[in-house]
Amino acid sequence: MKITASRTSLGEISEDVLIVPVFEGETPHDSENASALAALDHLTRGAVASLFDEGEMTGKLDSSVLLQNVGPFSTKRLLLYGAGKAEDIDSVSVRRLAGAAIRSLLKHRVIRSAAFLVTRKLETETFVQAIVEGALIGQMSADLYRSNDESAAEIEALDLISELPDPPDFDGAIKAGSAMGEATNFARELGFEPSNVMTPSELASRAKKMAEQEGLGFEALGEDEMKRLGMGALLAVSRGSNEPARLIVLRYEPDGKNVGGGSDDLIALVGKGITFDSGGISIKPAAKMEEMKYDMCGGAAVIGAMQVIARLRPNVRVIGVVPASENLPSGRAVKPGDVVRSLSGKTIEVVNTDAEGRLVLADGITYAINNGATCVVDAATLTGACVIALGETRAAVMGSDQQLIDDLVAAGEQCGERLWPMPLDDDYGEIIKSDIADVKNVGNRTAGSITAGFFLKHFAASVPWAHLDIAGTAWTEKEKPYIAKGATGFGVRLMASFVLNRAGSR
Ligand code: BES
Ligand code: ZN
Ligand code: ZN
């Protein structure tokens with residue numbers, strides 16, 4: 001989708017449809033807020049006002065009316081889209097509004113271009129960026145492999161038009177919104193792909209292609225290299241599978257030598273890349289096991305965030321690390337009770353092979369630290385317990401550095417991918433003490449998300465570290481008006497916004 005901002009007046013729009021958001025209480029008769037509605041009423045010879053007068057359009061959230069071929073109006077179609085209560089407006093509601101309006105048009109397969117009226121309430125950089133992100137995310141469909149022509153229609157061009165005679169420049173917001181929206185969809189696509197396609201090597205090759213296009217450094221370690229380095233935790237997970245594991249590494253260097261005021265800061269983003277999680281020998285029940293193709297969404301979010309970073313070029317070095325593996329049972333698979341030595345040197349008793357995410361992340365985090373990371377953020381679909389605790393709405397955050405946690409929470413509020421903190425008191429560490437090794441990979445039935453986080457803390461050592469459990473937020477069980485069912489790309493905008501904020505580039 002090509003996105004532009006133009007100064008076209010309402011009477012001269014040439015796109016296939018004009019989308020006009022309508023907040024509750026706005027009418028063409030209300031002279032203060034709704035001059036655009038009054039102008040549109042004029043252009044449609046009273047068709048707009050009659051919709052309001054007859055109560056067909058009230059601005060109620062996600063209500064809509066599509067008018068076709070009205071009056072001397074230059075556009076063939078006018079979509080009035082309910083934006084809900086004006087007092088509820090924030091970047092989340094605006095993103096959803098744009099996404100839902102675009103999604104509602106996809107079934108009209110002939111619509112190829114759209115104009116979106118950025119009404120006065122929406123004329124801020126933040127909201128314009130949210131409109132762009134929402135439109136891109138809303139437009140993407142989940143049916144990657146549908147072979148008949150029922151599959152996705154596409155709106156190829158979106159023009160943002162302003163109500164103001166002299167609108168502000170939205171180029172920066174469009175650039176940032178496009179980078180965020182496109183990278184979110186890239187991460188979603190990686191998530192949607194079935195695990196027979198999205199193997200660890202395929203994840204690496206998609207990351208490589210992106211890195212080449214965007215100018216990022218790329219490297220993918222194979223199993224021989226992992227053995228040589230001593231990544232016993234990652235290799236324990238991949239043992240049961242015929243698909244070889246990969247450790248995907250993406251590097252971003254800012255332009256010029258004067259890096260971050262000469263600082264040696266290196267932010268590491270580490271993402272769980274389990275391309276299919278059957279549970280291994282501690283096998284999962286069959287129900288919903290197909291959803292475990294999404295178990296690489298933390299890794300996809302890291303790859304997506306690195307794409308945003310490459311495009312928006314913050315003044316700080318960033319390394320993205322994605323330990324990628326399948327988790328399958330076989331005659332070679334790691335077994336409950338096995339003890340493995342991680343890259344850090346710490347030994348781990350693998351009590352449950354289904355707690356594999358923390359094993360691959362342990363080596364991923366150590367690899368990042370060994371490569372000079374001065375701050376580590378990991379993202380992972382790590383625990384079912386997190387889905388129970390926070391559902392699809394917020395991801396859990398926990399870590400060893402309060403400033404880092406606060407910065408992530410703030411970035412989440414800013415970009416609409418929201419977090420909720422969980423504690424990591426030392427008491428929780430007692431639950432994962434092993435009788436035979438330095439630590440065991442599962443605790444008891446209590447505090448499942450926290451003990452998983454505590455396990456990772458062992459490997460973050462003294463480097464400021466925070467962990468995002470995105471098990472609930474990484475995919476949505478049901479289609480929403482503003483997004484298809486399935487992978488959400490959660491974490492892309494959050495991690496990218498966090499890095500941009502740290503670099504002071506916004
Ligand atoms: N990938 C799962 C976590 C998960 C479950 C994500 C449901 C999304 C939805 C993870 O590897 C896992 O299996 N965790 C176990 C840990 C347990 C064995 C301590 C879990 O949560 O049940
Ligand atoms: Zn598992
Ligand atoms: Zn898993």
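1. The lining of the largest cavity holds 7 nonpolar residues, 1 polar residue and no charged ones. In this classification Ala, Val, Leu, Ile, Met, Phe, Trp, Tyr, Cys and Pro are nonpolar, Asp, Glu, Lys and Arg are charged, and the others, Gly among them, are polar. The lining residues are Ala187, Cys297, Ala300, Ala301, Ala474, Ala487, Gly489 and Phe490. Here a cavity is a set of points, on a 1 Å grid over the protein atoms alone, where a 1.4 Å probe fits but cannot get out; a pocket is an open set with protein on both sides within 12 Å along at least five of seven lines, and lining residues have an atom within 4 Å of a point.

2. A word on provenance before you go further. This is a predicted model, in which local features need pLDDT of at least 70 and side-chain atom pairs count only at pLDDT 80 or more, while totals for chains, interfaces and linings use all residues. Residues are numbered from 1 along each chain as its sequence is written, chains are lettered from A and ligands numbered from 1 in the order in which they are written, and side-chain values use heavy atoms, with hydrogens and water left out.

3. How many cavities of 30 Å³ or more does a search of the whole structure find? The search finds 1, and the largest cavity has a volume of about 30 Å³. Volume here is the space filled by probe spheres set on the grid points, which are joined across faces, edges and corners.

4. Helix α9 (residues 297–312) gives the most to that cavity's lining, with 3 residues. Helices (H or I, at least four residues) and strands (E, at least two) are DSSP runs, numbered from the N terminus. The 16 residues of α9 reach 22 Å from the first C-alpha to the last, close to the 22 Å expected at 1.5 Å a residue; the expected span is 1.5 Å times one less than the number of residues. Because 15 of its 16 residues are buried, α9 is largely enclosed by the rest of the structure. Buried means under 20% relative accessible area, exposed over 50%, and partly exposed in between, with a 1.4 Å probe and protein chains only. Arg313 follows α9 and has a positive phi, near 50°.

5. Now for the open spaces. The largest pocket contains about 920 Å³ of space. It is lined by 35 residues, and those closest to its centre are Lys284, Asp354, Thr383, Gly384 and Ala385. By class, this lining has 12 nonpolar, 11 polar and 12 charged residues. At least two lining residues come from each of α10 (357–370), α11 (384–390) and α14 (448–460), with α11 giving the largest share, 4 residues.

6. Just after α14, Ala461 takes a positive phi of about 50°.

7. Two or more residues come from each of α3 (91–106), α4 (125–139) and β19 (475–476), and α3 gives the most, with 3 residues. By class, the lining has 6 nonpolar, 7 polar and 8 charged residues.

8. Which domains supply at least three residues each to the lining of the second largest pocket? Both domain 1 (2–163) and domain 2 (181–502) do; these bounds come from an automatic or database domain assignment. The domain centres, taken over C-alpha atoms, are 37 Å apart. The contact (heavy atoms within 4.5 Å) takes 18 residues from domain 1 and 23 residues from domain 2.

9. Glu163 lies between β6 (157–162) and α5 (171–192) and is buried, with a relative accessible area of 16%. Ser195, in the loop between α5 and α6 (200–214), counts as buried at 19% relative accessibility. Leaving out residues up to four places away in sequence, Ser195 touches Thr275, Phe276, Lys293 and Glu326.
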